[in-house]
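Student: I would like to go through this model with you. Could we begin with the overall picture and then turn to individual parts?

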Amino acid sequence: WQHPGDTQADHFSFGKHGDYEDIALTDNTAFLLRSDGVLFSFPFNGTKMIANNIHEWKNILPPGEYEAMYADLINNLLYILCKNCTADKNNKSTSGYIFQILQSDSIALFGTFTIKTKQIAEKTGKKKIAFRPSALAKSLLTNEWYILSSVNKMLVVTDESFQVKAVYHLDPKLFVQPEGIAFDSNHNLYISNEGAHIQSGTVFKFPYRQ
């Protein structure tokens, strides 16, 4: 369990090599999302992840590419948002899926939702736009959803029902590859850039102001 500025990180192996995109934590379980829509879970005791009792879910999501996931600890729900899915190509929308967390090794489809691409385009003044979500988080203060699109360098804000309220363009010089977003208990917002072999990842903090 690391903090910003730590020079060492714990690690363990839990599966094969793959494009793992997002992680969501509950009180006792860590969920990990692979880009092909395969989901993994393993025990988490609040301070440390434990590499045993690993569970893998295949074929729970439609074919496509996935990067964004969020755990609703209050309602024991897991939200997963599609980045690029076949089913969305002709619908002019982005699909999301909600799973009920029943136990650490048991989830069940609870519902679905969509984000209308047209609503995003209207906020930007464009006729059409390609929306490719890379991360999402929920503000527990306002119940609004904050959704990153790394491809567009955008931050999209929706209401609790995923109706688009605002779109913010991110400075491409600072946000080279924004693929992580979270709120802390004081409602401060964090956005992270994915690192690479030639460039370190970065985290930007946006303090909450009343």
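Student: What does the accessible surface of the chain come to?

Tutor: In this predicted model, the accessible surface of the chain is about 12,400 Å². Carbon and sulfur atoms account for 49% of that area.

Student: And what percentage of the residues is buried?

Tutor: Buried residues make up 42% of the 210 in the chain.

Student: How does the radius of gyration stand against a compact globule?

Tutor: The two agree: the chain has 17 Å, and a compact globule with 210 residues would have a value near 17 Å. The C-alpha trace spans about 50 × 40 × 35 Å along its principal axes.

Student: Which secondary structure elements are there, and how many?

Tutor: The chain has one helix and 15 strands. As for contacts with a separation of 6 or more, 35% are between residues 24 or more positions apart.

Student: How many bridges join strand 6 to strand 7?

Tutor: Five bridges join them, between residues 77–85 of strand 6 and residues 93–103 of strand 7. One of the pairs is Y79 with I98, the latter in strand 7.

Student: What is T94 in contact with, leaving aside neighbours within four places in sequence?

Tutor: The contacts of T94 include L81 and C82, D88, and F113, T114 and I115. T117, F131 and P133 are also among them.

Student: New topic: how do strand 9 and strand 10 pair?

Tutor: They pair in the antiparallel sense, over four bridges. K138 stands opposite W145 in strand 10.

Student: Which residues of strand 9 are buried on its two faces?

Tutor: A135 and A137 are buried on one side, and L136 and K138 on the other, so that both faces are covered. In general, side chains in a regular strand alternate between the two faces of the sheet.

Student: Which residue in that hairpin takes a positive phi?

Tutor: N143 does, with phi near 65°, in a hairpin that has six residues between strand 9 and strand 10. S139 is in the loop between these strands. S139 counts as buried because its relative accessibility is 5%.

Student: What does the side chain of S139 join in a polar contact?

Tutor: The side chain of T142, at 3.2 Å. Beyond its neighbours within four places in sequence, S139 is in contact with E144, Y146 and F183.

Student: Last one: how many bridges are there between strand 13 and strand 14?

Tutor: There are five, linking strand 13 (residues 178–183) and strand 14 (residues 189–193) in the antiparallel sense. G180 has S192 of strand 14 as its bridge partner. Five residues stand between the strands of this hairpin, and H187 takes a positive phi near 70°.

Key:
Residues numbered from 1 in each chain as written. Predicted model: local features only at pLDDT ≥ 70, side-chain atom pairs only at ≥ 80, totals over all residues. Heavy atoms only, no water. Pairing = 2+ DSSP bridges. Buried < 20%, exposed > 50% of the residue type's maximum accessible area, 1.4 Å probe, protein only. Polar contact = N/O pair within 3.5 Å; in protein donor to acceptor, adjacent residues only side chain to side chain. Contact = heavy atoms within 4.5 Å. Rg over C-alpha atoms; globule rule 2.2 N^0.38 Å. Areas by Shrake-Rupley, 256 points an atom, 1.4 Å probe, with all protein chains shown as cover.
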